[in-house]
Structures are given as structure tokens and as C-alpha cells.
Amino acid sequence: MTETPLHHLIKMLSALPGLGNRSARRIALYLLSRREDTMKPLAAALLAAAENIRDCRICGNLDTADPCAICCDPQRERTKICVVAQVGDLWAIERTGSYRGLYHVLGGLLSAIDGIGPEDLRLVSLERRSHDPACGEIILALSATVDGQSTAHLAADRIARTGLKITRLAHGVPVGGELDYLDEGTITTALQSRSAA
Ligand SMILES: [Zn+2]
């Protein structure tokens, strides 16, 4: 039996994070009821994003420019690099408006269950950046989960060198807490009261 375009659409939607078959069917029906004002613009937006957005070669952020706008911004403090798991965490910190340094996006966390090992994360480039004499502090802004903490340990091991300060987010990050879900005030406090890693 050949797969119809509708089945194919539902199958692709149901593979997205957080969506099961039921939600995928609902979304497919919703989109088909709004072909001109939602479905086609959405398809165009997906295509434009896929073609124009790339990973920043320095920090791993997503942007249309490479290096990204943050890496190129002369107003940012070049002495600090904040290490995050995902671009969503970078956005969460940017929303607070309380951090003016640079970032490094690892691209995930170590995870035995998901089969993510050190070679799957941007650790080599982090190590390289940590040797930049301009860099004085690396802030490990990783979640307070088991995976987040084992990733923080590994990153701290790789970047340890004389004179480099390595800190972690402190107060306010609940155990098991994902950065992306925290409110701006909590992230700001955690950034300001960071402690030595
Ligand atoms: Zn960048």
C-alpha cells in the first residue's frame, strides 16, 4: 500500500518532540483547514530557516550569519564564555538581559540512554577557546540533572588551565531543573551568585 501525502505529513509531524500521533493528526487537519494563511507560509518559513540558518563556527549558536551576531558584537565582554547545552538555553539567558559575555553551545548533554558521548559535543572547540588569553572565566550553565552535572565535570576537566576561572550557576537552579524552563529572575540570580566549579 502506498503512503498518501496526508499519511506522510502525519508521520512526519508525529516524529517531532512532544507530539504523538493524536496531536499530529490534529495539527495536520488544522493546517489543511488553513492552507493559504497558515500551511503555505509555514512551509515557506521552514524552507527559509533550513536554507539560511546555520551553526556559528565559533560558538555553535544558530544564526543567518557565521560567525553569529553575538560572537561579532564588539560590545560583548570577551573575557567570559558561558557554556550551555542547547541554543534554547542561550535564548533563556539572553532574555534575562543580565549577561553580556560570549557563549559556547555544546549541542547537548552526555547521556548514556540517548547514546550521546563526549565526541558528540562541541568540546574540542571549547578547549581551544579556553586557551584564548582573552578568556578569563568560563561559566558552566548546565542543568542540575545527572546528565548536566556529568557534562559539567567533563567540560571542567577539559578546560582546566592556570589562571582560568571556572564557575557554575549557583542559587535558584532546582535539582533536575532545565535552564530553558526557568524564569528570567531565577536565571539572573543563578548567574550573579555563581560559584567555583
Ligand atoms: Zn557565535
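Are Cys 68 and Cys 71 buried or exposed? Both Cys 68 and Cys 71 are buried, where buried stands for a relative accessible area under 20%, exposed for one over 50% and partly exposed for values in between, computed with a 1.4 Å probe on protein chains only.

The model is a predicted one, in which local features need a pLDDT of at least 70 and side-chain atom pairs count only at pLDDT 80 or more, while totals for chains, interfaces and linings use all residues. Residues are numbered from 1 along each chain as its sequence is written, and side-chain values use heavy atoms, with hydrogens and water left out. The pLDDT, which is the predictor's confidence in each residue on a scale from 0 to 100, averages 91 over the chain, and 95% of the residues score at least 70.

The chain contains 8 helices and 7 strands, these being DSSP runs numbered from the N terminus, with helices of type H or I and at least four residues and strands of type E and at least two. The C-alpha trace spans about 65 × 35 × 35 Å along its principal axes, and 39% of the 197 residues count as buried. Of the contacts (heavy atoms within 4.5 Å) with a separation of 6 or more, 53% are between residues 24 or more positions apart.

Helix 2 (residues 21–33) packs against helix 3 (residues 35–52) at an angle of about 120°, with the axes 6 Å apart; the axes are lines fitted to C-alpha atoms over the stretch in contact, and angles run from 0 to 180 degrees between N-to-C directions. Helix 2 is therefore oblique to helix 3, a class left for angles that are not under 35 degrees (roughly parallel), over 145 (roughly antiparallel) or 65 to 115 (roughly perpendicular). The contact involves Tyr 30, Leu 31, Leu 32 and Ser 33 of helix 2, together with Arg 35, Thr 38, Met 39 and Leu 42 of helix 3.

Helix 5 (residues 87–96) is largely enclosed by the rest of the structure, because 7 of its 10 residues are buried, namely Val 87, Gly 88, Asp 89, Leu 90, Ala 92, Ile 93 and Thr 96. The buried residues of helix 5 pack against strand 2 (62–63), helix 4 (69–72), strand 3 (77–84), strand 4 and helix 8 (184–192). Just after helix 5, Gly 97 adopts a positive phi of about 70°.

Leu 126 lies in helix 6 (residues 123–130) and is buried at 0% relative accessibility. Leaving aside neighbours within four places in sequence, Leu 126 contacts Val 83, His 104, Leu 106, Ile 138, Ala 155 and Ile 159.
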